[in-house]
Amino acid sequence: MFRYLQLAVCIVVLSAIASAQTTINGAGATFPYPMYSKWFSEYNKQKPDVRINYQSIGSGGGIQQLLAGTVDFGASDGPMTDAQLEKAKGKIIHVPAVLGAVVPAYNIPDVNQELKFTPQVLADIFLGKITNWNDKAIAAANPGVNFPNQPIVVVHRSDGSGTTYIFTDYLSKVSSEWKNNVGKGTSVKWPLGLGGKGNEGVAGVVRQMPGALGYVELIYAVQNKITYGSVKNAAGNFVKASLESTTAAAASAAMPADFRVSITNAPGKEAYPISSFTWLLIPEQSKDANKGKMISEFLNWMLGPGQEMTKQLTYAPLPPPVIEKVRAAVKSVR
């Protein structure tokens, strides 16, 4: 009898906790998903009454759901356009969360060396102008590497993606042909290639397909043990993506008041050229005042203890001057 009484009490207590819990819904970028997943889990441990549910559906989907009002916040690796912001029912604040890098990940049979990619080679591969791994332009940057007669299988995102925005923003800066014929965006008309959904999908195709070359966020290459190369930066140095080289790219950027900034192809000697901020897209005025207060509290936690967790997952923390500016901006969230 006593055991049944204990069980009944536990059920009542758990029901009370569940009913007191507020769920905040978000959706968007896959680029920072490992980081967001960790943050939301850790924050829930400290604030059991707040549960943040996040759908990793790609930046394009996150922006669409935010504009449709079906989520409390969105997330994107490419800033919203002026036209998108005009469609919003209220002011949207771009809140930088962390810094990340997009890397050229490849799978070439019998080639174990870390490859070097010039901007022109990357653009020409994704334009379909370079089609085989034994091409002279690839070999020129990689003396001593014995490339096979292996067709290059180009892999890109099939969904609307901030990772695609970062990569195509970079290609648009380093190749006038890419800029004029393809351009930048969360979705573009790819000249060729196979599509994969999410960073997870692209990473999976690259890992399984001999001869594949794709672009993924750094953490996905690391987690999936996929080889990725260094990229020649604007200063002429081949740099591999790392916390330090991503931070170096951010250090050269002037942060505008709305935080919508591109740091691809940054000028610093140690800067990794395909780096970017990733943003949480926060309505300044929430439909639910209680949720607005909770979102504001989470953002301040993210800018403090949350930043200390970034390096564990191969993301670079925000520079202190940026954190100071963002803290001032999120005061208006309610």
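**Side-chain contacts, salt bridges and a helix pair**

Visitor: Which backbone nitrogen lies 3.2 Å from a polar atom of the side chain of Thr-118?

Guide: That of Val-121. A polar contact here is a pair of N or O atoms within 3.5 Å; within protein, one must be able to donate a hydrogen and the other to accept it, and residues adjacent in sequence count only if both atoms are side-chain atoms. The model is predicted, so local features need pLDDT of at least 70 and side-chain atom pairs count only at pLDDT 80 or more, while totals for chains, interfaces and linings use all residues. Residues are numbered from 1 along each chain as its sequence is written, and side-chain values use heavy atoms, with hydrogens and water left out.

Visitor: Where is Thr-118, then?

Guide: In the loop between β5 (116-117) and α5 (119-127). Helices (H or I, at least four residues) and strands (E, at least two) are DSSP runs, numbered from the N terminus.

Visitor: Buried or exposed?

Guide: Thr-118 counts as buried because its relative accessibility is 18%. Buried is under 20% relative accessible area, exposed over 50%, and partly exposed in between (1.4 Å probe, protein chains only).

Visitor: What does Thr-118 touch, not counting residues up to four places away in sequence?

Guide: Ala-141, Lys-232 and Phe-238. Contact means heavy atoms within 4.5 Å.

Visitor: Changing topic. How many salt bridges are in the whole structure?

Guide: Twelve. A salt bridge is a side-chain nitrogen of Lys or Arg within 4 Å of a carboxyl oxygen of Asp or Glu.

Visitor: Which residue pairs with Asp-72?

Guide: Lys-291, with the closest N and O atoms 3.3 Å apart. This pair links distant parts of the chain, 219 residues apart: Asp-72 is in the loop between α3 (59-68) and β3 (73-76), and Lys-291 is in helix α12 (residues 289-302). Both Asp-72 and Lys-291 are buried.

Visitor: And what does Glu-297 pair with?

Guide: Lys-293, at 2.6 Å between the closest N and O atoms. Glu-297 counts as partly exposed, at 32% relative accessibility.

Visitor: How far apart are the closest N and O atoms of Lys-38 and Glu-42?

Guide: 3.8 Å. Lys-38 and Glu-42 are also about one helical turn apart, being four residues apart in helix α2 (residues 33-46). Lys-38 is partly exposed at 28% relative accessibility, whereas Glu-42 is buried at 19%.

Visitor: At what angle do α2 and α12 pack?

Guide: About 110°, with their axes 11 Å apart. Axes are lines fitted to C-alpha atoms, for helices over the stretch in contact, and angles run from 0 to 180 degrees between N-to-C directions. The two helices are therefore roughly perpendicular, a class that covers 65 to 115 degrees, with under 35 roughly parallel, over 145 roughly antiparallel and the rest oblique.

Visitor: Which residues meet there?

Guide: From α2, Trp-39, Phe-40, Glu-42, Tyr-43 and Gln-46; from α12, Met-294, Glu-297, Phe-298, Trp-301 and Met-302.
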